[in-house]
Structure formats: C-alpha cells, structure tokens
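Come along as I look things up one by one.

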Amino acid sequence: MVGQRVWAFTGTGGGYAEQAVVAGPDMPTFLDRLNPNGRLVAVGAVGGQPPADFGTRLMAAFQKSMSFATFSAATVPAAARRAVRVEQFAAADRGELQTVVHEVLPLEQSVVAHQKMDAGEVFGRIVLTS
C-alpha cells in the first residue's frame, strides 16, 4: 500500500525500502512521501519511464538525504530465483497467494485495457474474457 514500509526479498536476504514502485511518470511524486534519509526503489518498469526531470526532482530533495535505487530480479542468481519460485508456487498451492484483479473486461475492449495499462491506471491485472 502507498506510504507503508516494505521489505524486498533479493534471494540473498532481505532489504529495507521505504517506498518501492514500478517506475512510471508519477514516480517523482513518491519522493514527496519519503521521510528524511528515505530510499525510493524502482522494482520494475511496467509503469513506464519516469519523466525526464526525475533526476532534477531527486536532487531537489538533497537536503533530506533521500536516495534512489533500482532492483531487477535479473541480478539475483538463477538458483536463488528458482528457490523463490518454488516457494511461491507452493504458497499458491496452499491458497496463501491471490492474484490482484484490477478489472474484468470483454475481449472487445482489449484496446481500452492497453490504454489503461499505458496510462498507469492499473493495479494488478486486467482479465479479458470472450
């Protein structure tokens, strides 16, 4: 949830991030939510590229000692990724994980679904049905 502290599992231990986001044009607004010494971590890019002035916004927060980092699962060793996936599938099998469905739309509205995803309006998945 926005504004809550999160933990990120890297396959080699845990890591603390005050805010973790999936990039996108609204990413600089998360800087406004950070506490002093806070860190903003981009854990994906499905939200799109941040605006061109993102670096300028980050430097404007210099006096608060904020930092920005990125994380890609591609940097985690393959064996560790496999171990996490095995546990995730086991948790799903036990009913401990659930898919977040943002919206269910008829297949004819696939263009609308893509527009919503491109605009960053989607949290979770859009399911298209025939």
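I first settled what "buried" means: under 20% relative accessible area, with exposed being over 50% and partly exposed in between (1.4 Å probe, protein chains only). With that rule I found that 21% of the 130 residues of the protein chain count as buried.

A note on the source: this is a predicted model, where local features need pLDDT of at least 70, side-chain atom pairs count only at pLDDT 80 or more, and totals for chains, interfaces and linings use all residues. Residues are numbered from 1 along each chain as its sequence is written, and side-chain values use heavy atoms, leaving out hydrogens and water.

**Entry: the fold.** I looked up helices (DSSP runs of H or I, at least four residues) and strands (E, at least two), numbered from the N terminus. The protein chain has four helices and seven strands, and their order along the sequence reads β-β-β-α-β-α-β-α-β-α-β.

**Entry: contacts.** I took a contact to mean heavy atoms within 4.5 Å. Among contacts in the protein chain with a separation of 6 or more, 43% come from residues 24 or more positions apart.

**Entry: the core.** Which residues make up the largest nonpolar core? A core here is a set of buried Ala, Val, Leu, Ile, Met, Phe, Trp, Tyr and Cys residues joined through side-chain atoms within 4.5 Å. I listed 11 residues: Ala 23, Met 27, Phe 30, Leu 31, Leu 34, Leu 40, Ala 42, Phe 54, Leu 58, Ala 61 and Met 66. Helix H1 (27-31), strand S4 (39-42) and H2 each give two or more residues to this core, and H1 gives the most, with three. I also checked Leu 31: leaving aside residues up to four places away in sequence, Leu 31 touches Leu 40, Phe 54, Arg 57, Leu 58 and Met 66.

**Entry: aromatic rings.** Rings of Phe, Tyr and Trp (its six-membered ring) pair if their centres lie within 6.5 Å; planes under 30 degrees apart are stacked, over 60 edge-to-face and the rest tilted. I counted one aromatic pair by this rule. Phe 54 and Phe 68 are edge-to-face, at 4.9 Å centre to centre and 70° between the planes. Phe 54 lies in helix H2 (residues 54-60) and Phe 68 in strand S5 (residues 67-70), so the pair ties together parts that are 14 residues apart in sequence. Is Phe 54 buried or exposed? Phe 54 counts as buried, at 8% relative accessibility, while Phe 68 is partly exposed at 29%.
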